[in-house]
Amino acid sequence: MPDAVGQHFSNALFSCALSCHFDSTVDALAAWGSQQDLQLWTEQALSKALFAWAILTVTAGGDTAGMRTLAQHLFEEVSRRGAARFTVGVDLGKLFGAHSAAQHVGLPEGGLTDSKLLQVVQEDTAEWQQEVCRQESDMTDAITAALQGHYGVQAAMVHGYHTLLVPHSSCPRGIAVVVTQRNRDYLRHPAGRLYGMTELRLKHIKQGCDGLVLCKWSELKKNPIEQRREMLMQHIEQVANKMT
């Protein structure tokens, strides 16, 4: 019978990750979690705990010895179970974020060690990002139209995430333009603060380009195309100037 401890632990750690909150209490919680019998945990609890670890480590300064020990034990158990045990989309997407974070921080053995599981995670993520591309087509089309004739906007996959990439003479790897949505990307309180999973996505995208422009869709869509163009170009040039 699955151990309820795993579900409660992963829920608690993930709640902290949502708001990028990390302190000594959270670190102590991670140390406690690493001492539990992970073989009794469900796949959902394992993947959720790993995703929370990834968010806290990359975005909230949670790269501590206790957190690394927790991650190593979780990755070992996940890799031991293999691909067939994890739910497509729900679990695999979290494992992708965790594996990318492990690569980012240089975790020993680099995250997922089961090659079949890693392949399935990567394939599932690619399919999901194609769906994201379809869902965001109205936003990306609006940005491309606004910048037409000024910048060559390209749809791209950057470190596993779909985004728009703007080539620029000052930025050899380009500038990513990421559009955020209120209900998906922002906490209700405090207002204007990004969810932890959005912060993690932005960190990964930043790794694969030279700069990043963050735009709120609610602000862009209410303006005519001329004002959209002016807003976007101003942000792009501000990022480019920092590179010179």
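User: Where does Glu109 lie?

Analyst: Glu109 lies in the loop between helix H5 (90–105) and helix H6 (115–135). The model is a predicted one.

User: Why is Glu109 called exposed?

Analyst: The relative accessibility of Glu109 is 67%. Exposed means over 50%. Glu109 therefore counts as exposed.

User: What makes the phi of Glu109 worth a remark?

Analyst: Glu109 is not a glycine, although its phi is positive, about 70 degrees. Most residues other than glycine have a negative phi.

User: Which value does the phi of Cys20 take, and where is Cys20 found?

Analyst: The phi of Cys20 is near 55 degrees, again a positive value in a residue other than glycine. Cys20 is found in the loop between H1 and H2.

User: Is Cys20 buried or exposed, and how do you know?

Analyst: Cys20 has a relative accessible area of 14%. Buried means under 20%. Cys20 is therefore buried.

User: What is the peptide bond from His189 to Pro190 called, cis or trans?

Analyst: That bond is cis, with omega near -5 degrees. Most peptide bonds are trans. Pro190 is found in the loop between helix H8 (182–185) and helix H9 (196–207).

User: How many disulfides does the structure hold?

Analyst: The structure holds 0 disulfides. Take Cys133: the nearest cysteine sulfur, that of Cys209, is 17 Å away.

User: Why is Lys216 called partly exposed?

Analyst: Its relative accessibility is 34%. The value falls between 20% and 50%, so Lys216 counts as partly exposed. Lys216 is found in strand E4 (residues 211–216). Leaving aside neighbours within four places in sequence, Lys216 is in contact with Thr180 and Tyr186.

User: How do you know which strands pair with E3, and in which sense?

Analyst: Pairing takes at least two bridges. Strand E2 (residues 161–168) and E3 have 4 bridges, in the antiparallel sense. Leu164 stands opposite Val177 in E3. A hairpin of 2 residues joins E2 to E3. E3 and E4 have 6 bridges, in the parallel sense. There, Ile175 stands opposite Gly211 in E4.

User: Why are the buried residues of helix H2 said to be on the same side?

Analyst: The buried residues of H2 (residues 24–33) are Val26, Ala30 and Gly33. They cover an arc of only 60 degrees around the axis, so they are on the same side of H2. On the other side, Ser24 and Thr25 are exposed. The cover over the buried residues of H2 includes helix H1 (4–18), H3 and helix H4 (65–81).

User: What makes Asp23 a cap of H2?

Analyst: A side-chain oxygen of Asp23 lies 3.0 Å from the backbone nitrogen of Thr25. The cut-off for a polar contact is 3.5 Å. Asp23 caps the N-terminal end of H2.

User: Which residues of the largest nonpolar core touch the most other members?

Analyst: Trp53, Phe75, Leu95 and Leu117 do, in a core of 57 residues. Helix H3 (residues 43–59) gives the largest share, 11 residues. Leaving aside neighbours within four places in sequence, the contacts of Phe75 include Leu50, Trp53, Ala102 and Leu112. A second, separate core has 21 residues, among them Met139, Ala142, Ala146 and Leu220.

User: Why is Glu43 called buried?

Analyst: Glu43 has a relative accessible area of 14%. That is under 20%, so Glu43 is buried. Glu43 lies in helix H3. Not counting residues up to four places away in sequence, Glu43 touches Arg81, Arg85, Phe86 and Asp91.

Definitions and conventions: Residues numbered from 1 in each chain as written. Predicted model: local features only at pLDDT ≥ 70, side-chain atom pairs only at ≥ 80, totals over all residues. Heavy atoms only, no water. Buried < 20%, exposed > 50% of the residue type's maximum accessible area, 1.4 Å probe, protein only. Contact = heavy atoms within 4.5 Å. Disulfide = S-S within 2.5 Å. Core = buried A, V, L, I, M, F, W, Y, C linked by side-chain atoms within 4.5 Å. Arc of directions from axis to C-beta. Polar contact = N/O pair within 3.5 Å; in protein donor to acceptor, adjacent residues only side chain to side chain.
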